[in-house]
Each structure stands twice: as C-alpha cells, then as structure tokens.
Amino acid sequence: MELNVLMYLVPAIVMFGCGVYGFLTRKNMIAIMISLELMLNAVDINFVVFNRYLFPGQMEGMMFTLFAIAIAAAETALALAIIINVFRAVRNVDISEISKLKF
Amino acid sequence: MPFSYSIAVVALPLLMFLVLGLLDDRLGRRTAGVIGTVAMLVTTVLAYGVALTYFFGTGQGQIVDGIRQTVTVWNPAWLTFTEDLVVRMGIALDPIAAMMLVVITTVSLMVHLYSLGYMSNHEGEPEKGYQRYYAFLGLFTFSMLGLVVATNIFQVFIFFEMVGVSSYLLIGFYYTSPAAVHASKKAFIVTRLADLFFLLGIMILSFYTRTFDFESLVGTGGVAASGALGSAHGGTFMGISIMAWALTFIFIGGAGKSAMYPLHIWLPDAMEGPTPVSALIHAATMVVAGVYLVAKLFPLYVLEQGAMDVIAVVGAFTAFYAAAIACTQSDIKRALAFSTISQIAFMMTSLAVSSSDGALIEIHGGYGLGYMASMFHLFTHAMFKALLFLCAGAIIHAVGSNENSAMHGLHKHMPITSIAFLIGCLAIAGIPPFAGFWSKDEILVACYAKGLGWGLWMTMVAGLTAFYMFRLYLLIFFWSDHKQHGHHAPADAHWTMTVPLIILAAISVVAGFVPAHDMVTCDGKPLHTQLDWTVAGSSVLVACLGIGLAWRLYYKENDAPERMKAAASGLWTAAYHRFYMDELYQFITHKVIFQCVSKPIAWFDRKVIDGTMNLMGTVTQYCAAMVRPLQSGKVQAYVLTYLIGALVLAAALIACVLI
C-alpha cells in the first residue's frame, strides 16, 4: 500500500487535538507539559511530511524539525525546573490553585 | 602686554570658581582662601597690565588718529539663531571696559585678602563654608569681568543674570539665618523683575537694528551707527518712539541692578551678606552694572532725549531720597547702603544730563562731560566705598553688632580703621584733594550745564552726603566713650584686614589725580576740562557746612539730635522707615497682587487645569478597573481565549478567501 500524505496528517492532527484538549482540561502541571509536548510533536510531523511530499529535494523542514526538537528539550528542562520551584513554594502542582500571577 | 592676556583675566576667576567649588571640603579652609587670593592677585596683575597697555601703550590699534578704539580681542559666534541673528561671546576692550577691569580686580583682590581675616572667628579659625565663599567670590568676579568686556548686548544680559545669581548666593551665604535667606530672595526677585524689562529692551532694540553687537550698535569712538537705527526711529508706540521704549526698558534693567528708586528696596536688605561681600557687590561692582550698561549704550541714549530725561529725573530723585534716608539709619551697613544708592544715582544723573550740555562744548571743547564725570565717579566711588565697607566690616568684627549705639568712641581703640574711615568719608564728601572731590565736581559742572536747578539740587545732595557720612563717622568713633560689651576690647584687626584698608585709603587719596578726562570719554577723544572754581568752591562750601553741622551735633554726646528728632518726629520716623517703601511693596505684592491676581490664578490652576487632568486620570482608572478582571491568572483560561480567537480569525480568513 502506497502511503499518502493524509495518512501522516490525520494522526498528526489527532495528536494536536489531544494536546490541545489535554492542555485545557488537565489540572496537573506535569500533564499540561506532556500535552504541550504532544502538540509540538504533531507540528514536527507536519514539518517533515510537508517537506517530504511537497519539496522532496530540500532539507529545510527536516532541519527545522531537528531544531524544534532541540528547543523542545531545553524548554522541557526549563518548564520542569519552574514546576519544581512552584511546587517547593506552594506544595502543589494544581494549575487551578496557582492564579496569583495577575495585576 | 598683548591684549590676548585679557582672556586669562576673565578665565582665571572662573577656573578658581570651578576648582574651589568642586574640591570644596577636600581642600583645607585656609588653603582654599590662599589659593583664591593668589589667583586673584595674578588676575589683578594681568588686568592692570592689559588696562595700562590699553591706555598708555601703542601699536595694538588702541588709538587711531587720536581716538581711542574698541579693540576686539576674541569674538567667536556662540549661538546662531538665523544668519542675521548670531549671538557672540567674546572680549572687547574700550576705555570703560579697561577702567572697569582695574576697578573690579582691585576691589575683588582687596576683598579676597580681607576675607582671609574677616571670615574667621575670634580665635582666627576660618569659618564653615570658607571654600564655598571663595568659590562664589570667584564666580562673582568672573561674571562681572565677563559683563564689562562684553562684545554684544546679549552677552551683557547673560552676565547680568550671572551677577544676579552670584549676588544671590553670597547674600544668602549664611543660609541658616532667615533674614539672609529672605534678603537673598528679595535681591534676586527684584533684580530679576528688572531684567525682564532689560530683555524686552534687548528684543525691541535688536528687532529694529538687526544686531546685538555693540560694534554696529554704537560704533567705535561712540558715534552711533545711524544707518542701523534709521528704521527704528520711524516707528512710534503710544506716541513715544520705539527706540525710546527700548532704551527705557534697558534702563529699567540697569536700574534694578543699580538700585534706582523704586527698585532700590533689595540693596539695604542685601547687607545681610558677609560685609566683604557688601563691599564687593553692593558698593563697588555689581551695583554699577546698571550705570555701566547705560554708559555702554550712551551714544544711543544721546539720540533719545526722552529716555535721558527719565534717567535724569529718576537719578536726581533717588540721589536725594537715599541721602535723606541715610541720615537717619542706625545700622552702619544700612547707612552705607543708602549712601551707595545715592552715589550710584549721582552717576546715573551725570550720564543723563550729559547729552544736553551743549553749552559746555564752548567751555570745555568737547561733549560728554557728564559721561566722563560719571565714569570717573564710578572709579573713585568704587575705591572709597569699598574702603568704607571694609572699615565697617572691621568695626562690626570688633564690636559684634551693626548698630551704632553699640559702637561710640572707637577712635581710641581702632586708630587705623578710624583714619581709614575718615579718609573714606572725606573722599565721599568731596573735600579736596581726596578722590571724590574731583569726580563729584565734574558731575556738578555737568549738572549746572543742564540747568541751574539740576546743579543746585545735586549740590544740595552732595551737602547731605557730607552730613550723613560724618554723622556716621562721629557716632562710630566719637560721641561718647566706648562701653565694652564683649569679652575683648575692640582693636584694629589682623593684618589681612588692615592692609586692604590702608591700600584702599591710599588709593582714595590719590585716585582723583587720574587723568580720567584723557582716558574715558564717550567719543574716545581727550576731553579738556578745567576746574570750575564757582562750582568747586560752592560744592566744597556745602560739604563743609554738612560736616560742620554733623560735627556740631554728633561729636560729643548731647541731646540736640534727640531734640531735633522730637521736633520733626514724623519726618524722622518716615525716613527711618525708608519712607515706607518696603511696606508699600508688601502691600502691593501681598494685598493686591497675591490676593487679586495670584489667588484667582491659583484657583484656576488647581480647579480647572488640574481638574481636567485629574478627570482624565480618573476616567482612565475607571476603564482600567473594568478590563482588569480579564487578567485572571488562570493560565488555561488564557489558552482557551487564545484558541477561540485563533479559530475565529482562521474562520474569518477562510470565509474571506472563499467569498
């Protein structure tokens, strides 16, 4: 069976939707972060797929994906550090309890 | 000596101001004083060199065809507003500028030296703020020197202001004393008000003549550049020519600095400053700035008889008014302050009567006798008035009070000061051969040439001068034996204070023999003067009468002054209270201006202008409070909002593309 572009895009969009849903509904900050990763990976898949099918001779999409993965790794480390610090400060990782960052 | 040295003359005091002012406490008190005095000595030597070269040297273009020229040493452009309107900042030497260099540096040097002793307590330890004091003296000297060598009228204005500022700083030197603070504010505000008119005058003048430069305004040798003035002569405003308005406004500026009636009220109060400052600023230099200004523009004033008449009337009235007040003052510095006002008024009057002394052209073979006499009197007066003030300082230092009731009979205790004071009194009274005689005599000749009335009036004031000066002298040094108040018996002061007295006394004796009529004339040509024996004789006679009367009344303790006071108590009280001018000012400012003008304006400002601003603030705050809950701090709510927004935008975009 010949794989076509939709076969990649549909799982990607499902992944992205799951990410958005998780991001909006989960209360645990770690879970929110996992949802965020999900969205990022969905986007990465999109990049690779569009590169492969629309511009087969070029490498930009691939490079971009690698780049995004690297950034995502750094960002995850940072986010985890923030979460740990928040936990130390308020003994809690429930996002609905943490709403002090306003005016 | 090359004239370029005059740059150093002006720059050195400025440098001293910066050095002493910036180093301040890092410099020892005594060191600061010595550095300031030595720098002033160098400045004085250079200034003398420049002035003597200007007057007696040759070969640098100072005299062409027997006429003294204005030598521009340095004149770079400073502010270029438009191509026509360029403000320059520079140094130009003309006879009066050269003379003023000598006057300012001499008096300033004496004051620097004198202050070494005066600004110390009785143990000889320098006072707090010594460095600041010397820095301000440097600033003042710089401003005054910059003023007199100005190449254009705008530069004069700037240095006028700087003189005002340094005067403010020095009057308020004892800033912990409320009286000094009050006096410094008063001096600054009054002179500043006058300077507003000065600025108006400059604007009008420069608008019509298209120039600020003295060179093109009055020209070398005092001949007015009538071409430049032609346009201004045409216009009139309220029936008076625009030129007369401009010149009168400029005179008001000068009158503020020179303490002419009714802008004189700041000068007596300015005596709150340290006494050497009074000698420097309020006797010898700053107060003659107004006279100097009028003299500098003299060729223009000559063309406007109306402006000249204003000056003559104001001057003649002020001379008498101040002399009358001086007769009743018991504070010796105040008496000297009023004497200064009176003498400055002499100079102003002399300048103003100068224009119409046509009759004198036949007698003396030149015009502008009054101008010459005024400048000569400025020179001699600076010397003997500085002397009198420094003597007063020595007395106050010894006795610890300004009131003459605390003095009496000091002659035995302070012989040097007494003799120096006597020389000053003789000089100001116009007794030959002391300095004041020669200059005052020429002023009187000029006044008689204007009209018999003017001459008689000024002679009467001269007699009054002799009377109040000797009243002061006799009440301080004779009258009764000295009743000691302090721990120490009063005695002649430290050498740093007596040496300036001796030097200035010597100058006051011989200054009258300076051939001013060859040196400072309005057209640059030597003026042939001779002693007019009727005028000289009558003025000496009147002066002797004044002295005799003072001697009769005040030499030995008696009740004649008290009886006279009682007989004319109303007049005496009025004069003692300076004819209630201060009260009048108080009334006008507090009751009329503050109540009727300032209060409504303040109300308008607070309620209407501030109200509008407050309203805008309140509305903004209210709106902000309404939108503020949008920022809830709930991260997921933000994301939801963002998502919805993004979807809506995407939908809209797609709809647009499809339709």
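Two residues are taken to be in contact if their C-beta atoms, placed from the backbone, lie within 7 Å. On this basis, in the predicted model, 10 residues of chain A are in contact with 10 residues of chain B. The side of chain A that touches chain B comprises six nonpolar, two polar and two charged residues.

Within chain B, the axes of helix 12 (residues 289–296) and helix 15 (residues 332–353) come within 10 Å and cross at roughly 10 degrees. Because angles under 35 degrees count as roughly parallel, helix 12 of chain B and helix 15 of chain B are roughly parallel to each other. Helix 12 of chain B contributes Val291(B), Val294(B) and Ala295(B), which meet Ile344(B), Met347(B), Met348(B) and Leu351(B) of helix 15 of chain B. By class, this contact has seven nonpolar residues, with no polar and no charged residues.

Backbone geometry was also examined. The loop between helix 9 (242–258) and helix 10 (266–269) of chain B holds Pro262(B), and the peptide bond from Tyr261(B) to Pro262(B) is cis, with omega near 0 degrees. Ala259(B) lies in the loop between helix 9 and helix 10 of chain B and has a positive phi, near 60 degrees, in a residue other than glycine. Ala259(B) is buried, because 30 other C-beta atoms lie within 10 Å. A cis peptide bond, with omega about 5 degrees, also joins Pro432(B) and Pro433(B); Pro433(B) is located in the loop between helix 18 (415–429) and helix 19 (435–450) of chain B.

Arg91(A) is exposed, with 8 other C-beta atoms within 10 Å.

How values were computed: Residues are numbered from 1 along each chain as its sequence is written. Chains are lettered from A and ligands numbered from 1 in the order in which they are written. This is a predicted model: local features need pLDDT of at least 70, side-chain atom pairs count only at pLDDT 80 or more; totals for chains, interfaces and linings use all residues. Ala, Val, Leu, Ile, Met, Phe, Trp, Tyr, Cys and Pro count as nonpolar, Asp, Glu, Lys and Arg as charged, and the others, Gly among them, as polar. Axes are lines fitted to C-alpha atoms, for helices over the stretch in contact, and angles run from 0 to 180 degrees between N-to-C directions. Helices (H or I, at least four residues) and strands (E, at least two) are DSSP runs, numbered from the N terminus. Angles under 35 degrees count as roughly parallel, over 145 as roughly antiparallel, 65 to 115 as roughly perpendicular and the rest as oblique. A residue is buried if 20 or more other C-beta atoms lie within 10 Å of its own, exposed if 12 or fewer, and partly exposed in between; C-beta atoms are placed from the backbone.
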